[in-house]
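I set out to record what holds the two chains of this model together, and then how the second chain is built. The entries follow the order in which I looked things up.

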Amino acid sequence: MSKSNLSKYKIVFLGEQNVGKTSLITRFMYDTFDSTYAATIGIDFLSKTMYLDDKTVRLQLWDTAGQERFRSLIPSYIRDSHVAVIVYDVSSKKSFELLDKWIEDVKIERGENVIICIVGNKNDLTDERQVSLQDGEAKAKAHGAKIFLETSSKLGYNVKSLFKKIAKTLPEFEAAGKSGEEGASEMIDINVENTTTQDGQCQC
Amino acid sequence: MNSETLQQLLELEANLTKVSALEAKEDSNQTELLLAHLDKITSQNDVNSPIKSSTSSDELPIDAQVISADEIQTKFKEQGSLSWSCDQCHESLFVSEDDARDLAAKSDSKDCCLETLQKYKSTELDSLELSFWWFFINNFSNCVLTLPNYTRFMITKGVPNSLRSIVWTKILQIETTEHDYYERLYRSLNMDVSSELKIIENDVRRSIPGLTNVTNDSQKQKIVSVLNAFSIYESHIGYCQGLQFLVSPFFSQFNDEIDCFKALIQLFQVNHNLSGIYDHSMSGLNLWFYQFEEIFNDQFPTLSSHFQHLNIDLKMFLSQWFVSLFAVTIPVSFLPRLLDVVLMEGLQSTIFRTSLLLLKENEELLLSIDDDELVMKHFLSDMCWCVFHNDESEFTSKLMDMSVCKFTSANLDALESQFNSKINSNSSHSRNKSIFGKFMDGLKSTTSIDSYSSRLRSNSIASTISTISSVSSVSSTAPSSPTDAKQRQQEYHRRSSAIPPKLSISISHSSNLSEGLKCLAIDSCQSSIISHDDDLDLLSEMLKLCIANGVEDPVLEKVKMRLEIRADS
């Protein structure tokens with residue numbers, strides 16, 4: 001069941017523990033919500049094919065452990081990633097402040113070859129909110145994030161549109177393109193932009 | 001236990017030795033890990049206890065109590081039977097501990113459950129097994145030294161569920177350490193609240209394997225307390241997500257906070273490089289990845305290149321396996337069996353062998369898959385365990401059957417040196433200085449201690465010294481290592497001189513036997529309680545054996561005298 005004709009994109013979810021990375025992914029994948037998900041130890045992996053306009057892309061979702069000490073593993077987790085979704089909890093000021101560190105980690109490893117996306121989750125917790133929408137937007141702008149959204153996995157709010165937005169930022173190639181290194185080398189001549197967004201696959 | 005069964009055990013051991021010599025894989029001795037780890041356990045115990053460190057090996061610690069064979073048989077039938085489940089429908093046979101003690105079935109038991117229960121009721125340990133476990137429980141280290149192959153055989157077979165808690169207590173040597181002291185320590189630690197208590201609570205609530213004794217809220221709360229105390233006690237480790245998986249099997253067995261706490265501390269002390277896996281920067285993990293990948297690439301070149309072709313990084317699932325001890329995906333019934341091996345043969349080597357076994361058993365399937373996603377999903381879920389058909393015995397025997405030679409401390413140390421020199425040469429190219437810095441700090445704190453695998457048995461002090469010197473040269477940046485090395489060196493001299501230099505026993509395959517017999521005799525004789533005439537008989541029998549086989553030692557004379565006095569009274 002090879003899906004080599006599909007464009008595959010690696011999307012990594014980062015952020016402090018308990019901000020709702022797993023629940024965001026689960027909402028997107030299965031449209032369900034549970035208040036207790038098992039802690040992610042190391043990393044977990046899910047994938048989904050997404051139909052968008054008349055194109056199809058394959059999203060590979062990497063769910064990571066949020067505890068700070070797991071950070072030493074982050075470089076190998078975000079290797080080759082196209083999109084880094086950094087999640088904070090709108091009811092936790094601390095998780096918001098620590099965004100900077102996550103973004104720094106991503107930039108150290110991937111430079112400019114990654115789309116940064118900032119998500120303020122748990123926006124249903126209106127009474128406990130500690131981070132305003134404006135603060136979130138400002139931070140996203142400051143870090144040059146291409147996407148900023150507030151979501152609620154619990155209510156399913158903005159989750160679908162988050163993934164749609166992510167998909168739309170992906171470089172859309174013809175169906176036959178870049179499934180592996182041969183694919184990438186075929187693409188090299190097409191234009192300069194493509195090679196800069198893709199060269200992360202070759203080495204590092 | 002009488003002399004006849006002892007003789008039988010010894011014969012079995014001799015036969016197993018012959019068999020394993022015939023099957024010898026890549027000139028490895030399958031008992032090597034077992035014996036090396038035993039050294040770590042016993043030397044740890046010496047270091048830990050200031051009282052014991054002053055005594056020489058002819059005055060072994062006195063066990064508080066000798067447990068008689070009858071007691072073991074009774075325990076086998078009664079205690080811990082809560083964990084018994086029906087052979088056919090796998091449902092638990094008992095509702096409460098009281099039921100289990102009386103072996104009373106649940107009121108709504110099905111026929112298959114009643115049948116299983118009947119079978120259990122009539123099951124007894126046969127005399128040979130009983131003798132073995134008697135020996136093991138009353139004198140763990142000498143039992144292993146005397147019967148290494150048979151010990152492996154019994155571990156492969158599985159520690160009987162009902163004896164597991166006492167057997168683990170013996171291996172971990174946690175009952176000889178002062179209970180009161182640990183109780184006070186534990187209580188006082190829990191007066192404090194770990195900065196990570198919220199995470200601990202959250203993790204224990206949401207992710208814990210479904211083991212006996214770890215199901216209800218009050219039990220989970222106790223696990224939280226254990227982790228809280230541990231994270232304060234071992235402040236350089238604190239709490240790491242994944243530790244909850246390590247703690248729960250212990251709690252499940254002991255059903256006691258303090259024993260569980262002691263077990264955890266002891267586990268980290270005996271497996272000294274373990275703290276690097278769980279500490280604040282998880283610095284040791286990258287070394288383990290490197291060591292494992294080297295072994296994997298060497299042993300499974302086809303699979304390794306297949307992974308390269310699919311652009312799969314082993315670390316993706318290794319991190320989950322290593323940090324959770326496989327507990328995220330392993331079938332629950334495998335977990336105690338895996339820990340039997342971990343406790344007997346060391347954590348790192350057992351984790352490595354299990355990982356390699358998983359890859360090996362799945363190899364054929366993997367080679368037919370040409371999709372990176374499927375491979376990742378396979379290994380990050382319980383699907384990869386299907387190769388053992390939900391049979392914990394199949395898993396254990398395959399695990400114990402794997403050649404140990406790649407996992408000896410000598411081999412792992414060599415890989416560690418390789419890794420360190422690689423790191424050093426790469427350092428100028430490192431793009432991430434902060435992580436790299438942490439990483440090196442971690443290395444400094446772990447390598448120096450880690451590599452001192454005490455090799456009392458190898459009878460070559462020279463090799464030990466060369467190990468030490470190579471280690472201190474590798475980690476010369478760590479200020480503490482030279483003095484430690486010197487102390488260790490002296491320790492080896494002291495220990496090795498305590499062993500009679502020439503022991504020749506005709507029936508023995510090595511000097512272990514005589515040494516083991518001697519120690520057992522001394523130990524049992526010194527024990528305050530000898531409850532059975534059988535035990536006395538055994539002692540004198542062993543003494544005769546020692547003498548008949550030419551073991552000459554002044555200590556034996558002492559034993560003989562004491563024995564005579566006892567027999568008279």
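Entry 1, the interface. I looked up the salt bridge in which the side chains of B:Asp371 and A:Lys8 meet, at 3.8 Å from N to O. For a salt bridge I require a side-chain nitrogen of Lys or Arg within 4 Å of a carboxyl oxygen of Asp or Glu. I count four salt bridges between chain A and chain B. This is a predicted model, in which local features need pLDDT of at least 70 and side-chain atom pairs count only at pLDDT 80 or more, while totals for chains, interfaces and linings use all residues; side-chain values use heavy atoms, with hydrogens and water left out. Residues are numbered from 1 along each chain as its sequence is written, and chains are lettered from A and ligands numbered from 1 in the order in which they are written.

Between chain A and chain B I find 17 residue pairs in polar contact, both at pLDDT 80 or more. A polar contact is a pair of N or O atoms within 3.5 Å; within protein, one must be able to donate a hydrogen and the other to accept it, and residues adjacent in sequence count only if both atoms are side-chain atoms. On the side of chain A that touches chain B, β2(A) gives the most, with five residues. By class, I record that side as 16 nonpolar, twelve polar and ten charged residues.

Entry 2, the area. I note that the contact (heavy atoms within 4.5 Å) takes 38 residues from chain A and 41 residues from chain B. The two chains bury about 3100 Å² between them, 52% of it on carbon and sulfur atoms; this is accessible area, with a 1.4 Å probe, lost on being put together and summed over both. A:Ile41, A:Phe45 and A:Arg69 supply 23% of the area that chain A buries against chain B, more than any other three residues.

I list 31 helices and zero strands, taken as DSSP runs (H or I, at least four residues, for helices; E, at least two, for strands) numbered from the N terminus. Of the 569 residues in chain B, 57% are buried, that is, under 20% relative accessible area (1.4 Å probe, protein chains only).

Helix α9 of chain B (residues 148-157) is largely enclosed by the rest of the structure, because eight of its ten residues are buried; B:Tyr150 and B:Met154 are among them. After α9(B) comes B:Gly158, with a positive phi near 105°. In α15(B), 13 of 14 residues are buried. At the start of α15(B), I find a side-chain oxygen of B:Asp256 within 3.0 Å of the backbone nitrogen of B:Ile258.

Technical notes:
Buried < 20%, exposed > 50% of the residue type's maximum accessible area, 1.4 Å probe, protein only. Nonpolar A, V, L, I, M, F, W, Y, C, P; charged D, E, K, R; others polar.
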